[in-house]
Amino acid sequence: MSKPHAIVIGAGFTGTAIAHDLALRGFDVTVVERGPIASGTSGRTHGLLHSGGRYAVKDQESAIECIEENVILRKIVPEVIEPNGGLFVAITEDDLAYKETFIKGCEDCGIPVDEITPQEALRLEPNLNPKLLAALIVPDGTFDPLRLALSFAATAKKNGAVFHLFTEVVDMLLDGQGNVTGVKVWDRTNNTRYDIHSDIVVNATGAWVGQITKMAHAHVPISPTPGIMVAYDRRLVNRAINRLNRPSDGDIVLPQRRLAVVGTTSFSIDDVDYVPIDRQQVELMLQRGAELIPAIRQAKERGVYMATRPLIGASGPGRSISRTFKAYDHKDLDNVDGLVTITGGKATTCRAMAEKTVDIVCGKLGLNIPCTTAEVPLASYRAFYD
Amino acid sequence: MWKITYRIRRQKGDEASHYDTFQVEVDPEEYVLDGIEKIWAFEDRSLTFRHACHHSTCGACGMRVNGVEKLTCITKIKDVTQDGGTLTVDPLRNFPVVSDLVVDLGPLYRKMEAVHAPPVHPLSMTPWEGEDIRPPKEVPTPPEGGEYIRLPDCLECGICISACPVAASDPDYLGPAPLAAIQIQGLEGHPELLALADSQQGVWRCHSAFECSAVCPSSVDPGWRIMDLRRQVTARRLKTIIG
């Protein structure tokens, strides 16, 4: 029997991880991406390799996914990760009152958490607000967004996956019953249009999934929810610094190379392709970031940017929606066969998202092939350009 | 809001390149890349360009803005033009053009592999704050022992190669970023890199134009590092002679 052929739409974290998983499970894989690798939400992510601490109180399903995947990513792709841990820091009495709830949440989810003295915290991170009242260590990390996606893509490519970048899906190929049999694409590098046929199409377009499902007369409930991030020109911390409290605006400061990045916010939008910056939110990042790391006020603003989270569910306040992910078989949802959509989730959980999606794909095609991505080390991100 | 003109170099397949112009309304506080993305979103969906992180950590969006190499994601529009002005955007030089502003950085990545440029390294190896070039004297260490790890300063963006006059004439020249990666590792601890550093394509090919250091967006200062690497190569040669 010839290999089954899968088309993956989207080359962000999820799409590249799916391509890698499909290739390992023996599929012929074609990835189509309208831009370069990780040019949507993935590239613009904050870069926090979550321990799960952030979600340990209110969203334990996501927290458990995060800690499990955190451990796996450290093992399979160490060369894009700063594995330096993270601190949750209490600055106010209100923060301090949250400490026991937080520790209990972490314990419930299996997230290792250790309290250290404020003096030890200041030794580890001299730029912390010296007025801190408490500090907890969790196994957070930080990662380079583009290189994480490139590592998955490079490994997929080594295993035979073919990437068509700058190639946009303009329509679905449908059979007489409305089932998906492939895609019509426009290669923007040479202005050609052609069809690609496949046994299955995987829609891994994150905040853009609605544009693809619409072409197949199918739908998924998602709420594109952007957040702003501000990069400052000094590496003021060497690990993730989180505010010890309920998730809120501007409560995380991360190192990226020689930068410190403060994020983020949460709001609703109409057009996913272009989200302008609101200067008031930039001011808020400075103010909130400086509560954790006062020296941010002495640093220079270097970049302001926005990423749009693909949160699952109909519109609601962004902070209250779970960060978990969901894969949909449109046969069940809309009686459209041949199309699977994956969305929601976090960068940290992209490998698990791929595993779940490819399990559904295998199930649909009557294949019983186990997932091995948790054990297989990824190739160098540089190999994508070979 | 400002009204400005983007003059963008276009090239598809084997056709000859030309410039297209777009009038755009922009906030002068926005970055050159935001304007390009706006043109793609609202004016011309066939425009291709590289980008990912939008805050100068990934190195994808290097282009020439008014003839000078820039990471377009951190180059504010107000710093490179004025209201009613024109911005000319070209792809990086010294790399094959794939389409419009997209170049193939493959040759650089292969050279970075050849010099074993570490994708992550101990915190103590390069500066982590301010503008200094030398590694810090004291860095915090983990309570459990060992060293903290960080991603290097070099983004592998190709900007230094684009600006380098020698790279323009000799595609085999290792170039600023790969030579800087040898210097950071040090020949003392990595004698296996001596042959490459000391070769025809190595440190002696550099003409000390320092264009690389002028355009590097990430404080690597490759020009200084190449000079330091020459010193390291000479020291090792002397050692061999003296014994």
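**Figure 1. The two domains of chain A in the predicted model.** The centres of domain 1 of chain A and domain 2 of chain A, taken over C-alpha atoms, are 31 Å apart. Nine residues of domain 1 of chain A and eight residues of domain 2 of chain A make up the contact. On the domain 1 side, four of the residues are nonpolar, four are polar and one is charged.

**Figure 2. The interface of chain A with chain B.** Here 37 residues of chain A are in contact with 40 residues of chain B. On the chain A side, two or more residues each come from the helices α5 (118-124) and α6 (145-158) and from the strands β14 (222-232), β17 (259-263) and β18 (301-312). The largest share, three residues, belongs to β18(A). Sorted by class, the side of chain A that touches chain B holds 15 nonpolar, nine polar and 13 charged residues.

**Figure 3. The two domains of chain B.** Chain B is split into domain 1, residues 2-103, and domain 2, residues 106-242. Between the C-alpha centres of domain 1 of chain B and domain 2 of chain B the separation is 29 Å. The contact joins 14 residues of domain 1 of chain B to 13 residues of domain 2 of chain B. On the domain 1 side, β3 (62-65) and β4 (68-71) of chain B each contribute at least two residues. The largest share of that side, three residues, is supplied by β4(B). Six nonpolar, five polar and three charged residues form the side of domain 1 of chain B that touches domain 2 of chain B.

**Figure 4. The packing of helices α3 and α6 of chain B.** Helix α3(B) covers residues 106-114 and helix α6(B) residues 176-185. Their axes come within 9 Å and cross at roughly 15 degrees. Because angles under 35 degrees count as roughly parallel, α3(B) is roughly parallel to α6(B). The crossing of the two helices is right-handed. From α3(B), the contact is made by L108(B), K111(B) and M112(B); from α6(B), by A177(B), P178(B) and A181(B). Five nonpolar residues and one charged residue take part in the contact of α3(B) with α6(B), with no polar residues.

Notes:
Residues are numbered from 1 along each chain as its sequence is written. Chains are lettered from A and ligands numbered from 1 in the order in which they are written. This is a predicted model: local features need pLDDT of at least 70, side-chain atom pairs count only at pLDDT 80 or more; totals for chains, interfaces and linings use all residues. Two residues are in contact if their C-beta atoms, placed from the backbone, lie within 7 Å. Helices (H or I, at least four residues) and strands (E, at least two) are DSSP runs, numbered from the N terminus. Ala, Val, Leu, Ile, Met, Phe, Trp, Tyr, Cys and Pro count as nonpolar, Asp, Glu, Lys and Arg as charged, and the others, Gly among them, as polar. Domain bounds come from an automatic or database domain assignment. Axes are lines fitted to C-alpha atoms, for helices over the stretch in contact, and angles run from 0 to 180 degrees between N-to-C directions. Angles under 35 degrees count as roughly parallel, over 145 as roughly antiparallel, 65 to 115 as roughly perpendicular and the rest as oblique. A crossing is left-handed if the near helix is turned anticlockwise from the far one by less than a right angle, and right-handed if clockwise.
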